[in-house]
Amino acid sequence: MGEAFAIARRLRDLPDDALRRLLLDRKVSPSRIGDFFDLAEALLDEASVGRRMALLDRDTLAVLAALLAPAASTQDLAALAERSSRSPEAVSAALAQLDDALLLAHDDDASTPVNAVGAVFDAWEAEGRPGRTELLRPATPPASPLLSSPHDVDSLSIEQAARAVGVLGESLHELDREPARLLGRGAPSMPDLKRLATAAASTPEEVELALSVAAAAGLTHAVASTIRVSAEGETWLASTTPARWTTLATAWEAAIPGALRDRIVSAYRRGASDLVEELSWWYPLAGDAVRVPGAAVAAVAALLGVVADGSTSSIGRLLLDGDVDAAAAELAAGLPAEVSQVVLQDDLTVIALGPPTAELDARLRSIAEPEGRAQASRYRITSQSVTRALAAGETAESVLEFLGSVSLTGMPQPLRYLVSEAEQRFGLIRVGMIGASADASAEPGRSSYIRSHDAGLIAAVSVDQSLIALGLRPGGEGRLTSRADALTVYWALHDARYPVVAEDADGAPLRVRRQPTLRRSVDAAPPAPEQDLVSRLRADDRGDTSTAWLAKQLEIAVRDHTPVTVQLQHGERRSSFTIEPVSLAGGRLRGLDRTADVERTLPLAMITEVRVAD
């Protein structure tokens with residue numbers, strides 16, 4: 001009873017945030033928790049204690065095992081260090097972790113393991129799992145052989161880092177063009193992953209991994225059940241490769257699970273060749289609880305070049321040492337020089353003979369379609385891409401002037417013809433919302449219009465079988481209407497290679513982005529169970545002197561046959577009795593007073609304090 005009472009008091013004194021973290025950490029089911037005493041007993045249950053102990057590392061388990069020895073004291077760090085074969089610093093860190101996990105019970109100035117700890121160790125040994133004897137031995141992590149020369153590791157790591165930045169960059173550009181549907185697990189749908197992988201010349205698995213880092217770095221966000229590029233992502237796309245890598249690498253480092261952080265960082269600094277194997281050794285009883293997050297950390301580390309060929313790279317070590325600028329500088333020194341000029345070819349392709357600068361890449365993408373990035377980056381200028389640039393505010397003159405300024409080979413004649421023709425055809429077909437333009441007449445069941453001064457073009461659109469799903473019908477001279485929204489109509493015409501432009505109510509061109517088909521929006525998630533439980537516990541708590549709090553202590557004392565000292569207040573008179581409680585009923589406590597050798601019945605209403613008898 002004393003242990004449960006002490007833990008209940010500690011629980012009640014925790015801040016709400018700390019209490020919620022504890023509930024998550026211990027995976028407490030709120031269904032049978034009525035008050036802080038119920039919660040204390042749930043946490044002290046042998047199964048609950050065993051689950052939490054299984055998540056401790058070897059150092060912490062060794063200190064916990066050492067505390068079970070007779071006369072062991074948390075106050076004597078030197079003795080605990082000797083008994084556990086750990087350093088005083090490791091002992092101090094372990095005691096703090098054990099205290100936070102409520103695996104220690106405080107008694108005056110000393111702390112001892114809660115009662116269930118010994119039983120858990122005994123059960124582990126009976127099952128053939130690591131027990132006290134093994135855990136008290138000195139901890140020596142498994143050796144990590146050097147798989148490659150440092151030079152090879154660093155060269156490979158820079159290749160990996162550059163590739164990761166490139167894959168994510170292409171994925172974000174494709175997301176900017178067309179957002180991806182968001183699944184319940186927080187990842188894009190498989191069709192969208194395949195689309196992004198095609199754009200990035202990668203695999204769906206690699207793209208999903210890269211997007212997980214992007215989300216951690218705030219480069220993407222979820223909007224209306226879709227994954228989109230955030231404002232931070234747009235800024236990232238306009239930055240250099242070393243700056244992009246720095247953003248991703250620092251996000252990865254910050255996302256390492258706090259409980260595993262020290263072990264993971266130490267493993268990488270040691271050059272551990274298999275992070276999951278090392279974590280499994282340090283946490284011999286945790287199983288998937290460390291293997292799964294460890295594998296996730298290792299996968300991103302390999303993606304970003306923090307490790308290469310099983311060894312920690314120079315940029316990885318600098319990152320983990322906190323010298324991010326030095327890591328970025330070393331990465332920059334190993335990358336090929338960026339180029340700011342291109343080769344324009346007669347087949348309307350644009351070749352950058354090396355990685356283009358961010359500024360060059362962004363401008364080229366605004367007027368051309370990217371076709372791949374390897375030793376050289378390739379773009380293709382099409383009538384649709386020029387039309388898109390014109391709709392975004394470019395002119396034929398500005399497009400040709402820019403291309404001429406960056407070309408190493410002059411301006412091919414076919415390119416001049418293409419840009420000139422695109423300008424002449426620009427805006428021949430315009431799409432807008434019915435009711436949004438000055439000349440639009442509202443029609444029942446009609447959402448958008450198509451208009452053009454070219455009667456032949458309108459006639460061709462009206463009979464185009466690829467557009468039959470739009471339900472087009474005449475809406476006046478040079479005009480068609482559709483039951484589909486303007487965005488759907490625009491992209492249908494765009495995909496059918498018509499010179500289409502979206503317009504606003506004043507006829508000004510609009511820049512539009514393709515939107516995915518949205519799944520039904522999901523209702524807002526209900527409050528987390530631990531949030532509800534904390535609120536309920538706080539609402540029902542009336543303090544140390546409340547009748548409910550005192551009665552609960554006495555109920556547990558009766559159940560466990562625990563002697564207690566009770567303080568009574570009757571008017572101005574105070575008195576105390578140490579009794580062995582027998583029953584609590586009808587607002588009265590009945591128990592045996594061993595000092596006077598009599599049975600006493602005490603009114604609960606007069607009891608002001610209960611404590612475990614000395």
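Biologist: Which residues have the most contacts inside the largest nonpolar core?

Modeller: In this predicted model, the largest nonpolar core has 55 residues, and its largest share, eight residues, comes from helix H10. A second, separate core of 50 residues includes Val63, Val91, Ala116 and Trp124. Inside the largest core, the residues with the most contacts are Leu168, Leu172, Trp245, Trp252 and Tyr268.

Biologist: With neighbours within four places in sequence left aside, which residues is tryptophan 252 in contact with?

Modeller: Tryptophan 252 is among the residues with the most contacts inside the largest core, and Tyr268, another of these, is also one of the buried residues of helix H15. Once its neighbours within four places in sequence are left aside, tryptophan 252 is in contact with Tyr268, Val297, Val300, Ala301, Leu304, Val306, Leu319 and Leu320.

Biologist: Which residue follows H15 with a positive phi?

Modeller: Helix H15 spans residues 261-270, and its buried residues are Arg263, Ile264, Val265, Ala267 and Tyr268. The helix is followed by a residue whose phi is positive, near 80°, and this is glycine 271.

Biologist: Against which elements do the buried residues of H12 pack?

Modeller: Helix H12 has 13 residues, numbered 204-216, and reaches 18 Å from its first C-alpha to its last, close to the 18 Å expected at 1.5 Å a residue. Its buried residues are Pro204, Glu206, Val207, Ala210, Leu211, Val213 and Ala214, and just after the helix glycine 218 takes a positive phi of about 80°. The elements against which the buried residues of H12 pack are helix H10, helix H11, strand E4, helix H14 and helix H17.

Biologist: Is tryptophan 282 buried or exposed?

Modeller: Tryptophan 282 forms an edge-to-face aromatic pair with tryptophan 281, at 5.0 Å centre to centre and 80° between the planes, while arginine 263 lies over the face of tryptophan 282, at 3.6 Å from the ring centre. Tryptophan 281 counts as partly exposed because its relative accessibility is 22%, and the cut-off for burial is under 20%. With a relative accessible area of 7%, tryptophan 282 is therefore buried.

Biologist: Why is the pair of tyrosine 490 and tryptophan 491 edge-to-face?

Modeller: Both tyrosine 490 and tryptophan 491 are buried, and their ring centres lie 5.1 Å apart. Planes over 60 degrees apart count as edge-to-face, and the pair is therefore edge-to-face because its planes stand at 85°.

Biologist: Over which ring does the charged end of arginine 244 sit?

Modeller: The charged end of arginine 244 is placed 4.8 Å from the centre of the ring concerned. That ring belongs to tryptophan 236.

Biologist: In strand E11, which residue is the bridge partner of valine 350?

Modeller: An open sheet of four strands, with antiparallel pairing, has the order E8-E9-E11-E10, and its edge strands, E8 and E10, each pair on one side only. Strand E9, residues 349-352, and strand E11, residues 377-380, pair in the antiparallel sense over four bridges. In E11, the bridge partner of valine 350 is tyrosine 379.

Biologist: What separates the C-alpha atoms of serine 535 and glutamate 89?

Modeller: Serine 535 has its place in helix H26, residues 529-540, and counts as partly exposed because its relative accessibility is 41%. Along the chain, serine 535 and glutamate 89 are 446 residues apart, and the separation of their C-alpha atoms is 37 Å.

How values were computed:
Residues numbered from 1 in each chain as written. Predicted model: local features only at pLDDT ≥ 70, side-chain atom pairs only at ≥ 80, totals over all residues. Heavy atoms only, no water. Pairing = 2+ DSSP bridges. Helix = DSSP H or I, 4+ residues; strand = E, 2+ residues; numbered from the N terminus. Buried < 20%, exposed > 50% of the residue type's maximum accessible area, 1.4 Å probe, protein only. Expected span 1.5 Å × (residues − 1). Contact = heavy atoms within 4.5 Å. Phe/Tyr/Trp six-rings, centres within 6.5 Å; stacked < 30°, edge-to-face > 60°. Lys NZ or Arg CZ within 6 Å of the ring centre and 35° of its normal. Core = buried A, V, L, I, M, F, W, Y, C linked by side-chain atoms within 4.5 Å.
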